[in-house]
Amino acid sequence: MPALATGAGHEPGLYELLAALPSQLQPHASCPEDNTFLQNMFGEKGLHSLVKIHERLRHYEEGKPTAVLKSAAALAHEISEELARKSENVDMKELQKILTKPHMKCLLSVHDTVALKCYDPELPPLPEDYDDEEDSVKIIRLVKNKEPLGATIRRDEHTGAIVVARIMRGGPAARSGLIHVGDELKEVNGIPVEDKKPEEIIRILAQSEGAITFKLVPGVKEEAPVKEPKVFMKALFDFDPKEDKAIPCKEAGLAFKKGSILEIVSQDDATWWQAKHEGDANPRAGLIPSRQFQERRLALRRPVATLPIQRSSSKRLSGFRRSFRLSRRDKKTNKSMYESKKSELYDTADVPTYEEVAPHRRPSGAKYRLVVLVGPTGVGMNELKRKLLISDPQHFGVTIPHTSRPKKNHETEGVEYHFISKHLFEADIQNNKFIEYGEFKGNYYGTTLDSVRSVLSKGKVCLLDVQPHVLKVLRIAEFKPFIVFVKPPSIERLKETRKNAKIMSSKDDKRSTRPFTEEDFQEMVNTAQVMETQYGHLFEKVIVNDDLSTAFSELRSALKKVETEARWVPVSWTHS
Ligand SMILES: Nc1ncnc2c1ncn2[C@@H]1O[C@H](COP(=O)(O)OP(=O)(O)OP(=O)(O)O)[C@@H](O)[C@H]1O
């Protein structure tokens, strides 16, 4: 029999019984599996420890221990004061140090609480001028640290009373379960609030620390909240509550940046939602402007600068495999190489506030997400596409553009272009088959949606570079585009890195290459700035194309992640 933990000479207890059980089981368990199961269960270490604890506690209870002293904390205080007066002795000094340590003080205070068996919370005394006729009130005491209380107040327009306007989910007020929306606030720390402005009360609260006593008249009971599925929104703008003049309580605000994923915990209030940063362990929610409110504010702030038609001294069919780009202008003639047939102006109906998102991971075997590169002319989109294609031609693919111009002798249908008649091209335009199209010297050029589908259906990652205004057309569940903004570095770095680079230009309509000019760099940087302001909320990744191989590795690893990891995408993309 194992040695007993409860001490020799003590009458056999539960622990001995447990220890003896396995040897008694054999005759009762007919099946060997049952026997092994029971042996393991009764031999379980955790169970033994629990029984040992149980035994000890019972033993302790039986002993009915009483405290020698019920005011150890006060005694320690007296002793340390006494010692302070005779501090010449080293031992005394040390003892005094120990007794004044916060941990020791807490320990002794806990000892006294247990010794006095006073476990009930200490309630504030009832007000002396308590009026029987008064509405039934509740007196609540909350202990506040530096964290805001998590409740906002307002003055009721009709009655003039100060009422609790909202309770922030997960905040101290909500966790207490004692304060509710609609409760009328009468006093804070004994100070009547009737004649005070909400801002003054907020100031009193902000300045208080420790226990705060509220006198409240309970409001009409709220209905029990219905458990709703979680809602996540991607923020499409930056928000700093400290800078927001409209927020009812700056401390209760939740700051976020464009691209932050927010869990919306309450949309009950039409103006201020309650939200948390996704994955944040802190349960406390903060106030953020509601979509409707933010849209209204942004609409009033407009108009913003819109992206002008890209001007470029280059006049060319752009880059690798003649990927199709629009609106190249010749600086001298100021004539569009292709006249864009779609509005390039910002769609004013789109006010970027929030986009509801959900996590999405590509199921194995499903088509890859379309990879879209956006950036100013000459920044290096074709160079990056070319490098990706060379790195893994089986994995990456590009679209083949359509044209209505006649095929040249050295060209092959479906290699450089798909050659179609002008009539058919126009019919396809009417049928919205083009992502982008344009006209140059009387011929049409364009990229079709079907050309993207063709690459994707081969099980390849389709690489596409487009003007940003067409992103809207591509942002659909079918393509789930991963939009990468290729951004130029500073002018100084452009000058350094593009010493040997060439852009295509066209003099007398003959395509040739020429070095970048300072003006090209300036235009690249300016266009990038406008693009980012106008379309930045649509970019899932921004890559600064400073050193080419660094930019390429960054893009490559971003694409790898997109292929393998779960990403936040518009919720509508996950329904199909
Ligand atoms: N990081 C870089 N360092 C040095 N040269 C670069 C870098 N990125 C691109 N280039 C060079 O800059 C020139 C323009 O690049 P590229 O044709 O890829 O631009 P693009 O963005 O595709 O422009 P467009 O849209 O007008 O075709 C090329 O000569 C390319 O080799």
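What follows covers a trio of helices and then a sheet, all taken from a predicted model.

**The helices**

Two packed helices are described by the angle between their axes and the distance between the axes. Here is how α1 gets on with its two partners.

| Pair | Angle | Axis separation |
|---|---|---|
| α1 (residues 14-25) and α2 (residues 32-43) | about 170° | 9 Å |
| α1 and α3 (residues 45-63) | about 155° | 9 Å |

Start with α2. An angle over 145° counts as roughly antiparallel, and at about 170° α1 and α2 are therefore roughly antiparallel to each other. On the α1 side, the contact uses Leu-18, Leu-21, Pro-22 and Leu-25, while α2 brings in Asn-35, Leu-38, Gln-39 and Phe-42. Sorted by class, that makes six nonpolar residues, two polar ones and no charged ones.

Now for α3. With an angle of about 155°, α1 and α3 are therefore roughly antiparallel to each other too.

On to the strands. Six of them form an open sheet, in the order β10-β9-β8-β7-β13-β25, with antiparallel pairing. The edges are β10 (286-289) and β25, each of which pairs on one side only. Ignoring direction, neighbouring strands in this sheet are turned by 55° against each other on average.

At the β10 end, β9 (residues 272-277) and β10 run antiparallel and are joined by four bridges. Trp-272 has Pro-289 of β10 as its bridge partner.

Is β13 (residues 354-360) enclosed or open to the outside? Five of its seven residues are buried, so β13 is largely enclosed by the rest of the structure. On one flank, β13 pairs with β7 (residues 231-235) in the antiparallel sense over four bridges, and Met-233 sits opposite Glu-356 of β13. β13 also pairs with β25 (residues 567-570), again antiparallel and over four bridges. There, Ala-358 stands opposite Val-569 of β25.

Methods: Residues numbered from 1 in each chain as written. Predicted model: local features only at pLDDT ≥ 70, side-chain atom pairs only at ≥ 80, totals over all residues. Heavy atoms only, no water. Axes fitted to C-alpha atoms, helices over the stretch in contact; angles between N-to-C directions. Helix = DSSP H or I, 4+ residues; strand = E, 2+ residues; numbered from the N terminus. Parallel < 35°, antiparallel > 145°, perpendicular 65-115°, else oblique. Contact = heavy atoms within 4.5 Å. Nonpolar A, V, L, I, M, F, W, Y, C, P; charged D, E, K, R; others polar. Buried < 20%, exposed > 50% of the residue type's maximum accessible area, 1.4 Å probe, protein only. Pairing = 2+ DSSP bridges.
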